Amino acid sequence: GHTTLHCTAPHRSPHSPPRAMVEALLGTWKLVDSKNFDEYMKEIGVGFAMRQMANMTKPTAILCKEGDTITIKTQSTFKSTEVSFELGKEFEETTADGRTVKSLVTLDGNKLIHVQKWDGHETSLVREVQDDKLILTLTTGTVISIRTYERAS
């Protein structure tokens with residue numbers, strides 16, 4: 001089952017917030033820097049072998065929007081995942097490391113905030129664009145990992 005993402009190219013219209021806020025995040029991004037990701041994965045319970053694989057991988061993230069639905073597709077040699085959602089509506093997702101979580105994504109200014117909850121645990125994934133880089137901040141408990149993406153040409 002090979003799925004193709006049907007997403008129109010983002011229209012750059014700075015004069016229509018809050019839609020424009022999401023627009024800034026749309027496109028194809030490649031990972032260029034990662035800090036503390038191993039600690040973060042350890043904290044949420046990812047096993048050693050999977051952490052090794054994930055640490056060696058430089059994934060590409062594709063964000064697009066069709067109507068009210070936002071799709072985030074993460075592609076790598078190790079694993080590819082795709083999740084679609086509407087802002088403010090809880091949904092269930094299975095993460096790359098196999099957790100089934102209840103997720104809620106909201107927009108706070110220019111930050112796309114994705115909160116995952118499972119078995120009494122909680123983690124947040126915050127995406128924002130700074131200096132034309134996509135900054136992904138992963139937080140769980142006291143552990144924070146920052147992953148930086150640049151636009152793929």
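View 1. Asp-33 is partly exposed, with a relative accessible area of 29%; "partly exposed" sits between buried (under 20% relative accessible area) and exposed (over 50%), using a 1.4 Å probe and protein chains only. This is a predicted model, in which local features need pLDDT of at least 70 and side-chain atom pairs count only at pLDDT 80 or more, while totals for chains, interfaces and linings use all residues. Residues are numbered from 1 along each chain as its sequence is written, and side-chain values use heavy atoms, with hydrogens and water left out. Asp-33 forms a salt bridge with Lys-35, and their closest N and O atoms are 2.7 Å apart. To count as a salt bridge, a side-chain nitrogen of Lys or Arg has to be within 4 Å of a carboxyl oxygen of Asp or Glu. Lys-35 is partly exposed too, at a relative accessible area of 49%. By this rule the count comes to 10 salt bridges.

View 2. Glu-39 and Lys-42 both belong to helix H2 (residues 37-43) and are 3 residues apart, about one turn of the helix. Helices (H or I, at least four residues) and strands (E, at least two) are DSSP runs, numbered from the N terminus. The two side chains meet in a salt bridge, 3.6 Å from N to O.

**View 3. Arg-151 reaching Asp-132.** Here the salt bridge is between Arg-151 and Asp-132, with the closest N and O atoms 3.7 Å apart. This pair links distant parts of the chain: Arg-151 is in strand S10 (residues 143-151), whereas Asp-132 is in the loop between strand S8 (121-130) and strand S9 (133-140), 19 residues away. Arg-151 is partly exposed, at 24% relative accessibility.

**View 4. The open sheet, strand by strand.** Ten strands form an open sheet, and reading across gives S4-S3-S2-S1-S10-S9-S8-S7-S6-S5, with antiparallel pairing. Two strands pair if DSSP finds at least two bridges between them. Strand S4 (81-86) and strand S5 (91-94) are at the edges; each has a single partner strand, so one side of each is left without a neighbour in the sheet. From one strand to the next, the twist averages 25 degrees, with axes taken as lines fitted to C-alpha atoms (for helices, over the stretch in contact) and angles running from 0 to 180 degrees between N-to-C directions. Zoom in on S9 and S10 and you'll find 8 bridges in the antiparallel sense. One of the partners to look for is Ile-146 in S10, which is the bridge partner of Thr-137.

**View 5. Gly-27 in strand S1.** Gly-27 sits in strand S1 (residues 27-35) and is buried, with a relative accessible area of 19%. Which residues does Gly-27 touch, leaving aside its neighbours within four places in sequence? They are Ala-61, Ile-62, Leu-63 and Arg-151, where contact means heavy atoms within 4.5 Å. Gly-27 and Ile-62 are 35 residues apart in sequence, yet their C-alpha atoms are 5.7 Å apart in space.

**View 6. Ile-72 and the largest nonpolar core.** The largest nonpolar core has 28 residues, and Tyr-40, Leu-63, Ile-72, Phe-85 and Tyr-149 have the most contacts inside it. A nonpolar core here is a set of buried Ala, Val, Leu, Ile, Met, Phe, Trp, Tyr and Cys residues joined through side-chain atoms within 4.5 Å. Beyond its neighbours within four places in sequence, Ile-72 is in contact with Ile-62, Leu-63, Thr-81, Glu-82, Val-83, Phe-85, Leu-112 and Arg-127.

View 7. Met-53 lies in helix H3 (residues 48-56) and counts as partly exposed, at 39% relative accessibility. Its C-alpha is 6.8 Å from that of Phe-78, a residue 25 positions away in sequence. Thr-95 is in the loop between S5 and strand S6 (100-108), and is buried, with a relative accessible area of 11%. Leaving aside neighbours within four places in sequence, Thr-95 is in contact with Val-101 and Gln-116.
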